[in-house]
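Look over the sequence and the model below.

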Amino acid sequence: MKPVAWIILLLVVAAVIALPWVLKQRRRRAAAVQVIGNELTSWSDAQLYAVWSATADELHRAAHSDDAATAARARELLLTEIERRHPGQTATWLSSPEALTGEPPDFLLNP
């Protein structure tokens, strides 16, 4: 096999291996983007929880990336809606170690 063919083969294999990671990153960004510009009052608590969880990785990455900024804005909007629905529980959660580590508010999973 010629060296060019090996290089092409390696590039194809690398692309196939990287594809799941790329798709996962796009889904995470899509989760954050769907929050911005949408009316969250119609979302269920479980949906708020799911997007909060999905944006966690974005915030742990490079603080100055566009994805991190989008995730931070999405979380700001999510937190506003969560606090509107559950003011007492949100205050307790925000003062807990779970909130400081970015853990999602478990009370959203309890109907």
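At what angle do H2 and H4 pack, and how far apart are their axes? The angle is about 150°, and the axes lie 10 Å apart. Axes here are lines fitted to C-alpha atoms, for helices over the stretch in contact, and angles run from 0 to 180 degrees between N-to-C directions. H2 and H4 are therefore roughly antiparallel to each other. The classes are roughly parallel under 35 degrees, roughly antiparallel over 145, roughly perpendicular from 65 to 115, and oblique for the rest.

This is a predicted model, in which local features need pLDDT of at least 70, side-chain atom pairs count only at pLDDT 80 or more, and totals for chains, interfaces and linings use all residues. Residues are numbered from 1 along each chain as its sequence is written, and side-chain values use heavy atoms, with hydrogens and water left out.

Now the chain as a whole. The protein chain has six helices and zero strands. Its elements run α-α-α-α-α-α from the N terminus on. Helices (H or I, at least four residues) and strands (E, at least two) are DSSP runs, numbered from the N terminus. Of the 111 residues in the protein chain, 30% are buried. Buried means under 20% relative accessible area, exposed over 50%, and partly exposed in between (1.4 Å probe, protein chains only). Take the contacts in the protein chain with a separation of 6 or more: residues 24 or more positions apart account for 61% of them. A contact is a pair with heavy atoms within 4.5 Å.

Back to the helix pair. H2 passes H4 in a left-handed crossing; that is, the near helix is turned anticlockwise from the far one by less than a right angle, while clockwise would be right-handed. From H2, Asp45, Leu48, Val51 and Trp52 meet Arg75, Leu78, Leu79, Glu81, Ile82 and Arg85 of H4. By class, this contact of H2 with H4 has six nonpolar, no polar and four charged residues. Ala, Val, Leu, Ile, Met, Phe, Trp, Tyr, Cys and Pro count as nonpolar, Asp, Glu, Lys and Arg as charged, and the others, Gly among them, as polar.

The largest nonpolar core comes next. It has 14 residues, and those with the most contacts inside it are Val35, Leu40, Trp43, Leu48, Leu78, Ile82 and Leu108. Helix H2 (45-54) and helix H4 (66-85) are the elements that give two or more residues to this core. H2 gives the most, with four residues. A nonpolar core is a set of buried Ala, Val, Leu, Ile, Met, Phe, Trp, Tyr and Cys residues joined through side-chain atoms within 4.5 Å.

Trp43 leads on to H1. Leaving out residues up to four places away in sequence, Trp43 touches Gln34, Val35, Leu48, Val51 and Arg85. Gln34 is found in helix H1 (residues 3-35). It is partly exposed, at 37% relative accessible area.

Leu79, Ile82, Glu83, Arg84 and Arg85 in H4 meet Pro87, Thr90, Trp93 and Leu94 in H5.

Trp93 of H5 is buried, with a relative accessible area of 8%. Beyond four places in sequence, Trp93 touches residues including Trp52, Leu79, Pro104 and Phe107.
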